[in-house]
Amino acid sequence: MTNTKNDLLIEVKNLEVHFNLLEGVVRALNGVSFEIRQGRSLGVIGESGCGKSVTAQSIMRIAPTPPAKIIGGSIRMHVHGEEGKQGEDVEILELQASGEKMRSIRWKHVAMIFQEPMTSFSPVFTIGNQIIEAILLHMPELDEKQSRARAIELLGRVGIPKPERLVDAYPHQLSGGMRQRAMIAMALSCNPKLLIADEPTTALDVTIEAQILELLKSLQAEFGMSMMYISHDLAVVGEMADDIMVMYLGQVMERASRDELFEKPLHPYTQALWRSIPRIDGGQDRLEPIAGTLPSPFSEHKGCPFYSRCEHRIKDVCDVQRPPMYRASPTHEVACFLYKD
């Protein structure tokens, strides 16, 4: 696919988000930049606490404030107009998080599948009520009867048995896997242009996980959706994503197309991640865990945040200056001084 400005759906530049806690300041995101293009999938991988979910929440403007505070940066999104109307470029960070404009963007233009559906659904309303509410709000051409029929259809498509009955179930009456499927149905209810999936198969067993991943891919192809897929599972990201972004302690370490990143990871952190997972050919005698421990989230890193654990670190360089993104190829960038030249 040829990349042009015309197919750019969302562009994030130098996003910084801090959490002001009693113990100190956590720099959850420290200059995160990336793009998502129409019809393509971006996979985001990294250890727990690297800022994957905070990035997604910032795009949706649902990061908990306080303690979260967006310090700087830009999130620009191309919002498509209704049929026959011109779309517009919207600066998300200029909108009020609870304002009418931002509410009109959520679910209709960008929707999210949350990692833990039990805390995402209201316990006092049925699953159907919550899906129907989103449909009625963003698809006014449908009445309540049509919205209910659409909710039942979506629940059936994500694999919930007897959806015409379970549409009236409360969240606590469903298993973890069923709640996750209902969350996916709700996210897809308004045909969003961008679907953010934050580890959407966490509560599912392997068989159902494969079915849900296949469902997401087929729906993406059917509706031409873009997708931001967040996971710690490299195999899943490799299956779901066209492009991959590797994060560590709130910073982007590497960005590349899927094929380039899997064939030739460049950043020492990405290489260490690859060595720490078992290979299907069984060629490894032992798995190699990443050396050292994750630095304190309250620490401020003048240089590369991976410095203390990196086997290729350069003293008085990597620890005193933050590496910029170096372009290794037209579709491969890496934040490491090893690739300066």
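Analyst: Happy to. A salt bridge here is a side-chain nitrogen of Lys or Arg within 4 Å of a carboxyl oxygen of Asp or Glu. This is a predicted model, in which local features need pLDDT of at least 70 and side-chain atom pairs count only at pLDDT 80 or more, while totals for chains, interfaces and linings use all residues. Residues are numbered from 1 along each chain as its sequence is written, and side-chain values use heavy atoms, with hydrogens and water left out.

Let's begin with R27 and E300, whose side chains meet in a salt bridge at 3.4 Å, N to O. This pair links distant parts of the chain, 273 residues apart: R27 is in strand 2, and E300 is in the loop between helix 10 (268-275) and strand 11 (326-329). Helices (H or I, at least four residues) and strands (E, at least two) are DSSP runs, numbered from the N terminus. For accessibility, buried means under 20% relative accessible area, exposed over 50%, and partly exposed in between (1.4 Å probe, protein chains only). R27 is partly exposed at 25%, whereas E300 is exposed at 60%.

Strand 2 also takes part in another bridge. The side chains of D7 and R37 meet at 2.6 Å, N to O. D7 lies in the segment before strand 1 (8-21) and R37 in strand 2 (residues 24-37), so the pair ties together parts that are 30 residues apart in sequence. Here D7 is buried, with a relative accessible area of 11%, and R37 counts as buried too, at 13%. There is a network as well: salt bridges link D7, E35 and R37.

Next come two helices. E222 in helix 7 and R157 in helix 4 (residues 144-157) are 65 residues apart, and their closest N and O atoms are 3.1 Å apart in a salt bridge. E222 is partly exposed at 48% relative accessibility, as is R157 at 35%.

E209 is buried yet has no salt bridge, and R181, the nearest side chain of opposite charge, is 12 Å away. For that search, Lys and Arg count as positive and Asp and Glu as negative, with His and the chain ends not counted. Leaving aside residues up to four places away in sequence, E209 touches T201, L204 and V236, where contact means heavy atoms within 4.5 Å.
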